[in-house]
Amino acid sequence: MTLKKNYLFFSGMVFFIIFLLYILHVIIPLPTKSLSQKITAISSDTLSMEGIAKPVIIKKGETVTLLAVRDESIYRPMQFWVETSNGNRGYVNQFAFDHKAIVLKSQEGKNACEEKDTITLMGCRVDKVGFWTYTAKKKDGTKIEIKSDDICTCLAFEYFLDYELSDSRGTLLSKRRFESRYIGHTFQENERRARQAEVVVNQAGRLRAYERVVLVAKDGALYRPVITYDENSIASSYELRKVRRTRNAWLISYVHPVIEFLLDVPTLANQFNSTMFEIVSPYGHSTVGYWILFVFYIIALLLYGAVWYVVTPLMLPTLFLVLLRWPSILREMSDATVWMVAKYMAILCYIIWAIVMLPFMPWWLLPLFYFPLRWFDNMEDVYMYGAVPHGRCQNSDCRVMWKNKFDRRVFLREYDTRENNSYYTGTHVTSKQKYQTWKEDVTTKTYADGHKTVDTYKHDVQNHTITSGYRSYDDYDELVHYKEYQMIYKCPVCGYEEYYIDKERNVIDRHLKGTHNNSFTRTT
């Protein structure tokens, strides 16, 4: 019991520490406002409007507002998130504003260059499989070709750590909450109260905005809205663009009203809202230290993801149990009642959490919720009314938590007794029989002359095995010496004592009486 109690106490402390870290992560504000830095184009390029409008040309010498740096990818060129003077917002290639770039990963062969070398960009191209490659010139004048994700312009590098956009950024809302938050409000109000729109198109004074808001529809898909503003800059209508269809679309269609209702609870919806910027380091791609850090980061991310997945629903029941630290609040509730309320609260929270998680995870991961609920059962058994010492003082006038301490051990008696005990010695298989089961489809065909043929087809054929055998045991007549002690625990607050009887067992003598077998048959 002591080992189990210590294990559960340790696991409880680990849970509590992780829980605190999780709370800090939730309540600490992360940067959501973009950079507002004026930059001037040194060559003409196009401003990509993400498919909601034709790209516009940014001319050489034109000044725009730099909002953020887009993360690097071999499938697209290096890009800035910018806004023009007339309100158009989108993405433009970085080398339109800066021809100097920093090498993030050492290159070999004819493109040889070292990490942190500075090169001059001359142009870029995309190959047949969609990889972006830059043509560049080293300091000694040698021309090289280098992939998009292996370099970063010097200007972008200046803002890399604080203003690199996360491609997964977005706010999860119900359709009803989205309409109340956005529709009928001005563009400036929406920009100020929510996140900035990713793409903005100014068409003769009327704005269209592609928002980083995600809606869950009845068909089980995730959508992002494109809002249209009228001549008074008030959001008047919107259209939805599908982001992706979820694996659980068939199930979401049944519980969609419940999901919509739950997403109207900000605390739940905020668990899925990603940050606008990523915390990254552009250097170290080729160093041993980087890979060690990378592996650590992946492990930490997986652990945090698992903790976030299973711990979030326990927040409410955990806060309820924290009230036990103040005895006057839950004094009148018995131990069984406290844990019954906490357990059913946890089950309800997990049901709610599972429904909200449906758009984001496969349904077959839901059984993982079983493990934290079992942890609750173990905590109930060991810390409350299932064992001595109880986690809660049993004096109804005290009720303090986790104060009971071992006080003394009192010897009661010792005695000898004879016992008949059996000990398992092995399993023996005597026979194995294999057979098959299947389902049959019978098809009857009738021909023009009246005769019939009957065909039988087998399907779902399964192989089975019947295993027979016995388990053997040795039977002993034993002389056993027992010592009994009373283990006394005491509450240091009120002095209330509780105890249990502990026995020390020592076999003095034994004689083999014989053996016996237990036969078994199992089918697989």
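Tutor: A disulfide is a pair of cysteine sulfur atoms within 2.5 Å. Keep that cut-off in mind as we read this predicted model.

Student: How many disulfides does the structure hold?

Tutor: The count is zero. Take Cys398: the closest cysteine sulfur to its own belongs to Cys494, 3.8 Å away, which is too far for a bond.

Student: Is Cys398 buried or exposed?

Tutor: Cys398 counts as buried because its relative accessibility is 7%. Cys113 is buried too, at 4% relative accessibility.

Student: Let's turn to strands. Where do the side chains go in a regular strand?

Tutor: The general idea is that they alternate between the two faces of the sheet. Now look at strand E5, residues 79-83. Gln79, Trp81 and Glu83 point one way from E5, while Phe80 and Val82 point the other way.

Student: Which of these E5 residues are buried?

Tutor: All of them are. With five of its five residues buried, E5 is largely enclosed by the rest of the structure.

Student: Which strands does E5 pair with, and in what sense?

Tutor: Strand E4 (residues 63-70) pairs with E5 in the antiparallel sense over four bridges. Here Thr65 stands opposite Glu83 of E5. Strand E6 (residues 89-93) also pairs with E5 in the antiparallel sense, over five bridges, and Phe80 faces Val92 of E6 there.

Student: What should I look for in the hairpin of E5 and E6?

Tutor: Find the five residues between the strands; Gly87 takes a positive phi near 100 degrees in this hairpin.

Student: Which residues of H3 are buried?

Tutor: In H3, residues 175-182, they are Arg177, Phe178 and Tyr182. These residues lie on the same side of H3, because they cover an arc of only 110 degrees around the axis.

Student: And how are two packed helices described?

Tutor: By the angle between their axes and the distance between the axes. For helix H5 (residues 249-263) and helix H10 (residues 335-357), the axes come within 9 Å and cross at roughly 105 degrees. H5 is therefore roughly perpendicular to H10.

Student: Which residues meet where H5 and H10 touch?

Tutor: From H5 come Val255, Val258, Ile259, Leu262 and Leu263, and they meet Ile352, Ile355 and Val356 of H10.

Technical notes. Residues numbered from 1 in each chain as written. Predicted model: local features only at pLDDT ≥ 70, side-chain atom pairs only at ≥ 80, totals over all residues. Heavy atoms only, no water. Buried < 20%, exposed > 50% of the residue type's maximum accessible area, 1.4 Å probe, protein only. Helix = DSSP H or I, 4+ residues; strand = E, 2+ residues; numbered from the N terminus. Arc of directions from axis to C-beta. Pairing = 2+ DSSP bridges. Axes fitted to C-alpha atoms, helices over the stretch in contact; angles between N-to-C directions. Parallel < 35°, antiparallel > 145°, perpendicular 65-115°, else oblique. Contact = heavy atoms within 4.5 Å.
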